[in-house]
Amino acid sequence: MIALLDNPQRSDRFVKHLKTAVREGEIDAVYLPERFPLPKEFQRRGAEGKSQRSAREMLIEVTPAFERWLVETSVTLARRRNVRTVVSAQSIEAGEVDFRALAEATRRQMQASYEKGRALGLSRGKATQPKGRPKAKAPARKK
């Protein structure tokens, strides 16, 4: 099943979804003693080369419920999550980003920056100004 995935880098997510579905009783499967390497490759910091994880082989009963689950899971894994569109004139013209929402976010950012600068300026101004007129010292008395 994993070999049929569109994106092999999602194989670990597929295995995670499969285990959850079996645990919750959505589909029926049994573990087999063999293990197989997942096609997803990991690169560790400071180490050369790439590594792979392995997972236990499972025998799955193919039912209409499993086939529905497989289609839903494939669609879910095919969607890219947290993909941010780069804000540029071209992306705004193409309608990939919401101009009104960006304008409102810019307005809030500018207002926050303005208020922060004013607060900083006011706090510095208070620290340097003397507080009232200093009292004159009384002349020392002689005894």
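Author: A salt bridge is a side-chain nitrogen of Lys or Arg within 4 Å of a carboxyl oxygen of Asp or Glu. This is a predicted model: local features need pLDDT of at least 70, side-chain atom pairs count only at pLDDT 80 or more, and totals for chains, interfaces and linings use all residues. Residues are numbered from 1 along each chain as its sequence is written, and side-chain values use heavy atoms, with hydrogens and water left out.

Reader: How far apart are the closest N and O atoms of Arg108 and Glu104?

Author: Arg108 and Glu104 sit four residues apart in helix H4, so about one helical turn separates them. Their side chains form a salt bridge. The closest N and O atoms are apart by 3.8 Å.

Reader: Which residues are linked in a network of salt bridges?

Author: The count of salt bridges in the model is two. Glu104 also meets Arg107, at 2.7 Å from N to O. Those two lie three residues apart in helix H4, residues 99-128. The network links Glu104, Arg107 and Arg108.

Reader: Is Glu104 buried, partly exposed or exposed?

Author: Buried means under 20% relative accessible area, exposed means over 50%, and partly exposed lies in between (1.4 Å probe, protein chains only). The relative accessible area of Glu104 is 32%. That makes Glu104 partly exposed.

Reader: In what order do the elements of the protein run?

Author: Helices (H or I, at least four residues) and strands (E, at least two) are DSSP runs, numbered from the N terminus. The protein has four helices and two strands. From the N terminus on, the order is α-β-β-α-α-α.

Reader: What percentage of the residues count as buried?

Author: The protein has 143 residues. It exposes about 12,800 Å², with 52% of that supplied by carbon and sulfur atoms. Such areas come from the Shrake-Rupley method with a 1.4 Å probe, and for residues only the protein chains shown count as cover. The buried share of residues is 15%.

Reader: At what angle do H1 and H2 pack?

Author: Axes are lines fitted to C-alpha atoms, for helices over the stretch in contact, and angles run from 0 to 180 degrees between N-to-C directions. The axes of H1 and H2 are 11 Å apart. Arg13, Phe14, His17, Leu18 and Ala21 of H1 make the contact with Trp69, Leu70, Thr73 and Leu77 of H2. The packing angle is about 145°.

Reader: Which residues does Ile2 contact, leaving aside its neighbours within four places in sequence?

Author: Contact means heavy atoms within 4.5 Å. Ile2 is among the residues with the most contacts inside the largest nonpolar core. Leaving aside those neighbours, Ile2 is in contact with Ser11, Phe14, Val15, Phe36, Leu38 and Pro39.

Reader: How far apart in space are Ser11 and Leu38?

Author: Ser11 is found in helix H1 and is buried, at 0% relative accessible area. Beyond residues up to four places away in sequence, Ser11 touches Ile2, Leu5, Leu38, Pro39 and Lys40. Ser11 and Leu38 are 27 residues apart in sequence. From C-alpha to C-alpha, the distance is 6.4 Å.

Reader: Is Asp12 buried or exposed?

Author: Asp12 has its place in helix H1. Leaving aside neighbours within four places in sequence, its contacts are Leu38, Lys40, Phe42 and Arg53. The relative accessible area of Asp12 is 17%, so Asp12 counts as buried.

Reader: How far apart in space are Phe42 and Arg53?

Author: Phe42 is found in strand E1 and counts as partly exposed at 22% relative accessibility. Arg53 is among its contacts, as are Asp12, Gly49, Lys50 and Ser51, leaving aside neighbours within four places in sequence. Phe42 and Arg53 are 11 residues apart in sequence. Their C-alpha distance is 8.3 Å.

Reader: What distance separates the C-alpha atoms of Arg10 and Lys40?

Author: Arg10 lies in the segment before H1. Arg10 is buried, with a relative accessible area of 19%. Along the chain, Arg10 and Lys40 are 30 residues apart. Their C-alpha atoms are separated by 6.9 Å.

Terms used: Core = buried A, V, L, I, M, F, W, Y, C linked by side-chain atoms within 4.5 Å.
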